[in-house]
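Open the model in your viewer and keep the selection tool ready. We will go stop by stop.

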Amino acid sequence: MSEPTGIDALLERVRSGYRRIAPRAAYEAAEVGAALLVDIRYAALRERDGVIPGALVVERNELEWRLDPQGSHRLPEATGHDLRVVVVCDEGYASSLAAESLHRLGLYRATDLIGGFQAWRAAGLPVTAP
């Protein structure tokens, strides 16, 4: 059995496999239809802080089932493995693990938002209040 990794080392390893995206760049990509923003925060956080207009809400426990282009429970937005998905969590940690999971499903352009929803809001980008 191998040595335990620890979450910090795991995040570092996962993030080395793709390029993360900053809030402004994610906003611009979504605005022109070049990226699908997917908010994986749980309901209490969305109710407390609001949501990103136009972001698809898919709670973390359903993410792979909803975005797998070959899956029987996929959403209409799950159009193919080349879909550029930007996963958004609250602060940019859980989204890294989620993006890596999407990579394992073959969504090779999946990434996550640096700093998560909190960084998006701090950058002054659009938020629909709860």
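A salt bridge here is a side-chain nitrogen of Lys or Arg within 4 Å of a carboxyl oxygen of Asp or Glu. This is a predicted model: local features need pLDDT of at least 70, side-chain atom pairs count only at pLDDT 80 or more, and totals for chains, interfaces and linings use all residues. Residues are numbered from 1 along each chain as its sequence is written, and side-chain values use heavy atoms, leaving out hydrogens and water.

Select aspartate 49 and arginine 121. Their side chains form a salt bridge, with the closest N and O atoms 3.5 Å apart. Aspartate 49 sits in helix H3 (residues 43-49) and arginine 121 in helix H6 (residues 116-122), so the pair ties together parts 72 residues apart in sequence. Helices (H or I, at least four residues) and strands (E, at least two) are DSSP runs, numbered from the N terminus.

Is aspartate 49 buried or exposed? Aspartate 49 is buried, at 8% relative accessible area. Arginine 121 is partly exposed, at 35%. Buried means under 20% relative accessible area, exposed over 50%, and partly exposed in between (1.4 Å probe, protein chains only).

Four strands form an open sheet in the order S2-S1-S3-S4, with parallel pairing (two strands pair if DSSP finds at least two bridges between them). Strands S2 (56-57) and S4 (111-112) stand at the edges with a single partner strand each, so one side of each lacks a neighbour in the sheet.

Finish at aspartate 112. Its side chain meets that of arginine 20 in a salt bridge (2.9 Å, N to O).
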